[in-house]
Every structure is written in C-alpha cells, then in structure tokens.
Amino acid sequence: MGKPKITIAGIGPGSPEDITPAVVEAIREADVVVGYKYYFQFIEPYLKADCPCIDTGMRRERDRARQAFELAMQGKHVVVISSGDAGIYGMAPLIYEMAKERECEVEIVALPGISAFQKAASLLGAPMGHDFCVISLSDLMTPWTVIERRIVAAAEADFITAVYNPKSQGRYWQLYRLKELFLKSRSEMTPVGYVRQAGREDQEIHVTTLKDFDPEQVDMFTVVIIGNSQSYVWNQKFITPRGYYREVETAAKNQRSLAEGKSNKGQEIMMESFRTIASELQKPDIPLWRKWPLLHAIHTTADFSMEDILYTDEEAVPHIYQALTSMEKPCIITDVTMAASGIRKAACERLGIEVKCYLHDERVAQMVHAEAKEGLTRTQAGIRVAAEEYPEALYVFGNAPTALMELCDLMRRGKARPAGIIAAPVGFVHVCESKHMVKVFGDVPKIIVKGRKGGSNLAATLVNSILAWPDAEQLKPGRDV
C-alpha cells in the first residue's frame, strides 16, 4: 500500500493550454480523481486508463473532501480538482481544515492553477495592472452584510475589483447593489470588463463603463472586472497602468508647471488625503453634493465631527457653482480678509470670479463712525456696502456672526439675494444664533457649520469645494493648488 497522498489541483478556467504541466503530471499519476463532474471533461485526455473519476455533485464539497481522505487512507494517490486555482474559492482550504480536524498522516500537495479572473483579465487586455482584490457575491458561506462592507472598502480604496459568483438563479439583485455602491466612489466612466466562459468554446468578451454596465448580461459563468481611477480603454483593450510611465509624465508635467510657476505635488498629496478621509467616514453612503464639501472640511480641520455638524442644503454645491458660473460678473464676498485669502486664486481666475472683502473699505469706516451709537461692527458695515454693489454674490462668513446676522436682515428686507451662503462663523457669542437665523431662508442654497465651530480657513475650503465641483465625481481635489 502506498503512502496516503492528496494532491489539490487547480485545472485552470477550462482550456487545455491553461492547465499547468505540474497539474497534468499529477493527473497522469493519480489513482483516483475526485471532483465535480462538469470538470472531468477537461482532464480526460490525461487520465490513466483505469483511473476512476468520482463525482459528489454541486455544493457537496465536504463530502468530496471526506471521500478524498477515505481513499487516501487506502493508500491511493488522490487528486482533488477545482476549476481555476484550487486555493481561490476552491477545495484547498477545506482539505487543509479537514486534515487538521482529522489529525491524520496524509501528505497534502497544493498545485496552483490559472484563476478565472487571470484568464478573463488576459482576454480583456491588462486590467489587473495595479493593486486589486477579488470578491465573491455568493452568500452561502458569508453573510451579505459582510460582503457589502468588503464591496464598499474595495470601491473607496480604489482597488481594481474582480467579482466572482456575480449572479445565479437565486441571487439576482446583489450585482445591482454592487454597481450602486461602486458608483458612490467611482466615476461613471470607470471601465468594466466581463467575460463569460473564459477559455471555453462559448467564450464572450465585453468591455463597457460602470454607468452602462448591465447586470442582466451576466450569469454564474461570468467574471466581472471593475477598473480603478487610472484604468482606461485603448484600442478595445481594458488597461490599468502600473505606473512605469508616471515618472516620465510627472517630469513633463513638472516642467510645464515650473514654466507656469505651479506645482502638481500639492494636488497629489490632497488626492491621497481625500482617499484616506473617504475610507474613514462613518457614513460613507451620502450624496456626492454632501460628501464633496465634507471631505474638504475634514481635510482642512482633521476633525471627523464635521460628519455631524456640517449641514448642506440639498444640491447646494452644484446649485451655487451653476449660479456663479452663469453670472455676468460673478463675485464672492467674505466677512474678513483671512477668509478671502484662503480661496484659491487660480480657481477664481479660471472661472472669472472676483473675491472681495469690504472690511477695510473707506465707506465702511465712515458708516461705523456715523452709526457709532448703534454699535455697528466693521464686518456688519462691510456686508451692507457689499450688498449694495453685489446683492447676488456668494456670501462667505468665517469669523463674524454679526455680519451673518446683518445679511439675514438685508435678505428679509429684500436688499440682498445671495447666490449662496457659507455660514461658518466661530466663537461663543451670537454664533449659534446667527446660524439658526440663516437656516430659515429655504430659497438660498447654504452650507452651515453648526454650533460654535467654524473659522475662516473652514469657510474658505468650503468655497474651494464649490469652485472644484466638476472634479468631485472623480474625487480629484486640488486642481488649482
């Protein structure tokens, strides 16, 4: 009687050329093969004449493993086959677990195979060129809540993602949910490739975008691959660059940037920071018009309590952006110069927007002096003067609650009709009241930092999120840094 031995062999996706020589040799030496009968057709040419193939049926993996051990203990060399690689959603983990459970003297050898996602990737082009993950949508062994958390993590971390078991007769909605989750973190134009029966006679290859991807075109024999933010389609091939050209491209960009007096390094750091922040949000499933200013706010303050205190009117960011870019003479008014200094000049120049603060205007000093008995503050007076010249501007408050209260009074009297309001005054006196006061103007899009927190830097970064709204979908902040 021979020494008990089980060889776990991945036979690849199905085509003869994708079975490794080591696996072919193991099958030729096998005394018995154990597996699912559908896969026997792919190994038949390599079997010994008297080698039986034992089928345990679908979803009978434990029975399959148990039978393999019983045959091995009879002194047989048993080969357990799995499609693809036996260690990836295959029989290898189960065989090792059962060996541990039984504490038996069986030699176990695992032979790798070409996985289905590798075969699909090669047919699509080179989609797996950078960091990737593989997720199975089968909830037979894993609760859907866990699968969904993994999907969100993969989407937000910008992993290229291969999807196994995307659909079955009983699992018809999970792939729709995956698409929905990915669209919250990825551009609609992200490449998606899917291959049915990879390496087999009825093979089908498709390349589309995340927006146009139709889960109805997928079945249980399909592997889906979703690209990352760098993936693209060229010459009908789906490609994710590894970065070999990055140094050359970066050098060329830096040369152009130096000639223009700019640098791209700041944007690269900011993009990486935004990805980190997005991955740590407690409530990531929020609309982009809310997430975009929130990411800017947390990036500026390193304060994740912004998730709870940053209030945004519905669609406020796109509405304000649209209003500013459609004005004949767009203008942003700030309560103090510090808020104005934090608004990106390059973005304003690109969009033709003027930024003004009236705090040191001569008319303001005269108004304060004339109304000294009223106790008028310089910031209040500045807003009064601003409203006379730019009643429809975007008004930004990062310091003075009295200035915000002044604007509210002007709006009630019909003397100001702002395109939007950023309400982020900071402090302890009148601060909360001023924010409650402005919130009631339902016809004006607003972003409000609730409570005592705020500041000029925070107000400025919220303005910058509006100016960079076209970059929100791809989560690429800092174009004008």
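On a 1 Å grid over the protein atoms alone, a pocket is an open set of points with protein on both sides within 12 Å along at least five of seven lines, whereas a cavity is a set where a 1.4 Å probe fits but cannot get out. Lining residues have an atom within 4 Å of a point. Points are joined across faces, edges and corners, and a volume is the space filled by probe spheres set on them.

The model is predicted; local features need pLDDT of at least 70, side-chain atom pairs count only at pLDDT 80 or more, and totals for chains, interfaces and linings use all residues. Residues are numbered from 1 along each chain as its sequence is written, and side-chain values use heavy atoms, with hydrogens and water left out.

The largest pocket has a volume of about 1800 Å³. Its lining comprises 49 residues. Tyr39, Glu61, Tyr89, Gly90 and Asn165 lie nearest its centre. At least two lining residues come from each of several elements, including helices H3 (61–72), H4 (92–102) and H6 (144–156) and strand S4 (77–82). Helices (H or I, at least four residues) and strands (E, at least two) are DSSP runs, numbered from the N terminus. The pocket lining has 23 nonpolar, 15 polar and eleven charged residues.

The structure also holds one cavity of 30 Å³ or more. H16 supplies the largest share, three residues.

Conventions:
Nonpolar A, V, L, I, M, F, W, Y, C, P; charged D, E, K, R; others polar.
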